[in-house]
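Here's a quick briefing to read with the model open beside you. Have a look at the fold, then carry on below.

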Amino acid sequence: MMHNIILKRNNKFINGTVNLTGSKSECNRALIIEALSKGKVHVENVSDAADAVLLAGILRKSQESRAKSQEVLVGDASPNNSEIENCKSEIIDIGPAGTAMRFLTAYYAIQEDEVILTGSKRMKERPIGILVDALRVLGANIDYEENDGYPPIKLKGGFKQQTGQISIKGNISSQYITALLLIAPALPLGLELHIEGELTSRPYVEMTLAMLETSGIKHTWEGNVIAISNQEFTTTSLYVEPDWSAASYWYAIAALADEAELFLTGLTPYSLQGDSVITEIMANFGITSQFRDGGVHLKKENKPISRREFDLKECPDLAQTVIVVCSALNHEASFTGLETLKIKETDRILALQTELGKMGVKLIEKDEVYTLDCSGKFIPDSIFINTYHDHRMAMAFAPLALVLPQMEFENGPVVDKSYPAFWNDLEKQGFEVEEFEGKA
Ligand SMILES: O=C(O)C1=C[C@@H](OP(=O)(O)O)[C@@H](O)[C@H](O)C1
Ligand SMILES: C=C(OP(=O)(O)O)C(=O)O
């Protein structure tokens, strides 16, 4: 049995304040930097996102056990067999946290610990071969435990850097590039990363470099080559900003309301998060964003929607939000830059097509351009949304409660991955949220 959610909204007027948790992306980077900096860098405003909480716990435990084994070595007592066994191949289960999986792969590749990194059933289908190949060229000892190219993987320690120059494909996931950049300052020979072909999700790479820069790490980026030499972190703190991807669901709610005035605290126009582009995207839907009072004020102005083409390559996590809003407004726009969606928490293209199909909306692909067809759209009395272990399927569809009489969501806690307070926040803003036991 799992906790499903019934969601309803009896009016279309939104007015309130929302405090969002810290960005999962920023927090995951900050935690790895903190661990690599050996305490010099301190993370402030750690995110409540389950993925970040899990990563923080793993890094803490790993550092504690390293400190403990050093104590054993320093002390008289030689470790007994069971202690040696415990030190061997610790199994780390990262669940559905893709970013954490990729970052930890690079992190453990240069540690002495022998660990097996594994995750959810879906994680075992999310490719990691490109990153593993790059780390092997650098000098890491990594084996696949089940299928080549996919988790689980065994990181065996004994890293000895062979080269500082590697090439990596840029169009599959920017997370591989970030993972390598994060460990670059700790590599004796530094890193010169040649990005082959197109770079997807570019703002996430820029976020990584900016956070390294704040931590005292210099880089150069010329053409398709990013270089970071072996460097020391400086003593500083990294403040995790509120999550703009989470903010996108409130923009969507504003877009589907008749009248909306919302205040999202803590957000600034100078964010490192590429998803802050939601302000520009939603301006097309009549949502104005004013930064004042230490946050952003959203206001809905009714005006016709003119933009028909959206390239989401730089903000893939906004794709579901924007496509669902367009479907609700019968705005038959087209979308590009969606290629990476198929290897995220679920195949998000298929999931969108299936769930939008439940109200007669089609998302049709031709030559990598996806177009909405709302000609067969209808309003069901109640709609059951399958969430496919994907937090963003639940959160992107929830704003539809403003235009549908009743919605039901499979697996409410799926939102915990990045925004655990999501259903509570909806309730605070006047949505009716009811939990019920459903079939797993
Ligand atoms: O680096 C990051 O924090 C992320 C990068 C993006 O992934 P891709 O680079 O695989 O598109 C994004 O979808 C993910 O949610 C978070
Ligand atoms: C793709 C996402 O996360 P991850 O890759 O970290 O699992 C996401 O949060 O939308």
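This is a predicted model: local features need pLDDT of at least 70, side-chain atom pairs count only at pLDDT 80 or more; totals for chains, interfaces and linings use all residues.

Residues are numbered from 1 along each chain as its sequence is written, and chains are lettered from A and ligands numbered from 1 in the order in which they are written.

**Helix α1 against helix α7**

- Residues 24-36 form α1 and residues 202-214 form α7; the two pack at about 40 degrees with axes 10 Å apart.
- Helices (H or I, at least four residues) and strands (E, at least two) are DSSP runs numbered from the N terminus; axes are lines fitted to C-alpha atoms, for helices over the stretch in contact, with angles running from 0 to 180 degrees between N-to-C directions.
- The crossing of α1 and α7 is right-handed (the near helix is turned clockwise from the far one by less than a right angle).
- On the α1 side the contact uses Ser25, Glu26, Arg29, Ala30 and Ile33, and on the α7 side Tyr204, Met207, Thr208, Met211 and Leu212 (contact means C-beta atoms, placed from the backbone, within 7 Å).
- That α1–α7 contact splits into 6 nonpolar, 2 polar and 2 charged residues (Ala, Val, Leu, Ile, Met, Phe, Trp, Tyr, Cys and Pro are nonpolar, Asp, Glu, Lys and Arg charged, and the others, Gly among them, polar).

**Helix α4 against helix α5**

- α4 (residues 98-109) and α5 (residues 129-138) have axes that come within 11 Å and cross at roughly 15 degrees, which means that α4 is roughly parallel to α5.
- This α4–α5 crossing is right-handed too.
- Arg102, Thr105, Ala106 and Ala109 of α4 meet Leu131, Val132 and Leu135 of α5, giving 5 nonpolar, 1 polar and 1 charged residue in the contact.

**Two domains**

- The chain is assigned domain 1 (2-22 + 241-438) and domain 2 (24-239), with bounds from an automatic or database domain assignment.
- Their centres, taken over C-alpha atoms, are 31 Å apart.
- Across the boundary, 20 residues of domain 1 contact 26 residues of domain 2, and the domain 1 side comprises 5 nonpolar, 8 polar and 7 charged residues.

**Ligand surroundings**

- Ligand 1 lies between domain 1 and domain 2, because both give residues to its shell.
- Around ligand 1 you'll find, among others, Ser25, Thr99, Tyr204, Asp317 and Thr340 (near means a C-beta atom, placed from the backbone, within 6 Å).
- Helix α6 (residues 174-183) supplies the largest share of the ligand 1 shell, at 3 residues.
- The ligand 1 shell holds 2 nonpolar, 9 polar and 1 charged residues.
- Ligand 2 has Pro96, Ala97, Gly98, Thr99, Asp317, Lys344, Glu345, Arg392 and Ser418 around it, or 2 nonpolar, 3 polar and 4 charged by class.
- Domain 1 and domain 2 each put at least three residues into the ligand 2 shell.

- Pro151 and Pro152 are joined by a cis peptide bond, with omega about 0 degrees, and Pro152 sits in the loop between β6 (142-144) and β7 (153-155).
- Lys38, in the loop between α1 and β3 (41-44), has a positive phi of about 55 degrees despite not being a glycine.

Definitions and conventions. Angles under 35 degrees count as roughly parallel, over 145 as roughly antiparallel, 65 to 115 as roughly perpendicular and the rest as oblique. Two residues are in contact if their C-beta atoms, placed from the backbone, lie within 7 Å.
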